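Trainee: I would like to learn how to read a model feature by feature. Where do we begin?

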Amino acid sequence: MKNGSTVNVALLDISKAFDNVDHVKLFQQLLDVGLPPGIVELLAVWYGGSYACVRWQMCLSACYNLTVGVRQGGVLSPVLFNVYVNSVLLRLQQSNYGCVIGSQFLGCIMYADDLLLLCPSICGVKKMLNICIEEFSDLNLTLNVQKSCILHFGARYMCNCKEVQFDGGAIQFVDKAKYLGIMLKVGRKFGVDLQYMKSNFYGSFNCVFHRVARFHSEIVILQLVTSFCQPYLLYCTECLGLTMTQIRSITHT
């Protein structure tokens with residue numbers, strides 16, 4: 001942006017990503033990246049012995065084998081998922097689309113199943129999106145159109161653009177979008193919506209103060225506010241490059 005580019009940021013949500021990991025493809029990819037066959041065989045035994053059933057009040061259904069998905073909350077699950085979707089990131093890097101600083105490709109950033117595409121042109125975003133759809137199709141994954149969106153940052157952030165169409169629907173252009181707990185807000189410079197952070201802080205403060213104000217000292221209340229309310233206001237602020245006006249606003253709050 002400092003060099004005059006307008007960065008288009010596509011926030012893509014993968015539908016039930018961890019639940020749709022194909023075991024056969026996952027184990028083949030683990031072998032392709034050089035994991036010893038004995039370790040892959042052990043993982044295959046573990047996942048091959050996964051069963052589930054449905055509980056309704058006091059009744060249980062018959063058990064059925066789980067042939068897809070990695071365990072939610074499992075220590076290995078994020079690592080296995082990273083290997084599973086790595087082909088998508090490699091295709092994007094090799095496509096020559098997306099933002100680059102020097103020789104460093106920064107066209108896509110992925111945290112768990114939340115994928116960001118960054119590109120200085122809408123046409124580039126469409127090309128990258130087509131690559132994602134193609135690769136996700138091979139991996140039995142699909143994009144959630146309703147939870148995906150595109151934001152503009154930079155000098156031309158006010159330009160109106162048509163919806164980005166693809167087989168599953170259209171991705172909307174929005175003024176604000178939440179990513180990893182931060183409400184991003186379009187503008188000439190990269191920014192966040194401080195009002196969202198302040199509203200969460202006030203809401204949590206009112207909830208705490210309503211319950212404990214009559215029964216505890218001010219020191220106890222202050223400690224509770226610091227522990228349970230302040231993180232809503234200060235979460236990730238050290239990474240956001242806030243202006244002095246924004247810092248004063250947070251200080252006032």
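This is a predicted model: local features need pLDDT of at least 70, side-chain atom pairs count only at pLDDT 80 or more; totals for chains, interfaces and linings use all residues.

Trainee: What share of the residues is buried?

Mentor: Buried residues account for 38% of the 253. The accessible surface is about 15,800 Å², and carbon and sulfur atoms hold 58% of that. Look at contacts too. Take those between residues at least 6 apart in sequence: 63% of them join residues at least 24 apart.

Trainee: Now the helices. How do I read the faces of one?

Mentor: Start with the general idea. An α-helix has 3.6 residues a turn, so residues three or four places apart point the same way. Now the case of α2, residues 37-48. Its 12 residues should span 16 Å at 1.5 Å a residue, and its end C-alpha atoms are 16 Å apart, which agrees. Val40, Leu43 and Tyr47 are buried in α2. Down the axis of α2, the buried residues fall within an arc of 60°, so they line one face of the helix.

Trainee: Which residues are exposed on the other side of α2?

Mentor: Pro37, Glu41 and Val45 are exposed there. The cover over the buried residues of α2 includes α1 (23-32) and α3 (77-94).

Trainee: Which residues of α5 are buried?

Mentor: Leu194, Met197, Lys198, Phe201, Ser204, Val208 and Val212. They cover an arc of only 135° around the axis, which puts them on the same side of α5. The face turned away from that buried side carries exposed His210 and Arg211. Helix α5 runs over residues 194-212, and its 19 residues should span 27 Å; the end C-alpha atoms are 27 Å apart, which agrees.

Trainee: What covers the buried residues of α5?

Mentor: The cover includes β15, α6 (218-228), α7 (230-234) and α8 (244-252).

Trainee: What about α4? How many residues does it have?

Mentor: Helix α4 has 17 residues. From first C-alpha to last it reaches 25 Å, close to the 24 Å expected at 1.5 Å a residue. Its buried residues include Ile122, Val125, Leu129, Cys132 and Phe136. The buried residues of α4 pack against β1, α3, β9, β10 (149-153), β11 and β12 (169-173).

Trainee: Then the cores. Which residues touch the most other members of the largest nonpolar core?

Mentor: Of its 39 residues, Leu12, Leu26, Leu92, Leu117, Cys132 and Phe136 do. At least two residues of this core come from each of β1 (7-13), α1, α2, α3, β9 (114-119), α4 (122-138) and β11 (164-166). Helix α4 gives the most, with 7 residues. Apart from this core lies another, of 27 residues, among them Val7, Leu116, Phe201 and Val225.

Trainee: Next, the backbone. Which values of phi should I stop at?

Mentor: Stop at a positive value in a residue other than glycine. Lysine 16 is such a case, with phi near 45°. It lies in the loop between β1 and α1. Alanine 112 is another case, with phi near 55°. Its place is the loop between β8 (108-111) and β9.

Trainee: Is lysine 16 buried or exposed?

Mentor: Lysine 16 is exposed, with a relative accessible area of 65%. Alanine 112, at 35%, counts as partly exposed.

Trainee: Last one. Where does valine 192 lie?

Mentor: In strand β15, residues 191-192. At 7% relative accessibility, valine 192 counts as buried, because the cut-off is under 20%. Its contacts beyond four places in sequence include Ile182, Leu184, Met197, Leu240 and Gln246. Now compare positions along the chain. Valine 192 and leucine 31 are 161 residues apart in sequence, and their C-alpha atoms are separated by 42 Å.

Notes: Residues are numbered from 1 along each chain as its sequence is written. Side-chain values use heavy atoms; hydrogens and water are left out. Helices (H or I, at least four residues) and strands (E, at least two) are DSSP runs, numbered from the N terminus. The expected span of a helix is 1.5 Å times one less than its number of residues. Buried means under 20% relative accessible area, exposed over 50%, partly exposed in between (1.4 Å probe, protein chains only). The arc is that of the directions from the helix axis to the C-beta atoms. Contact means heavy atoms within 4.5 Å. Accessible areas come from the Shrake-Rupley method with a 1.4 Å probe; for residues, only the protein chains shown count as cover. A nonpolar core is a set of buried Ala, Val, Leu, Ile, Met, Phe, Trp, Tyr and Cys residues joined through side-chain atoms within 4.5 Å.
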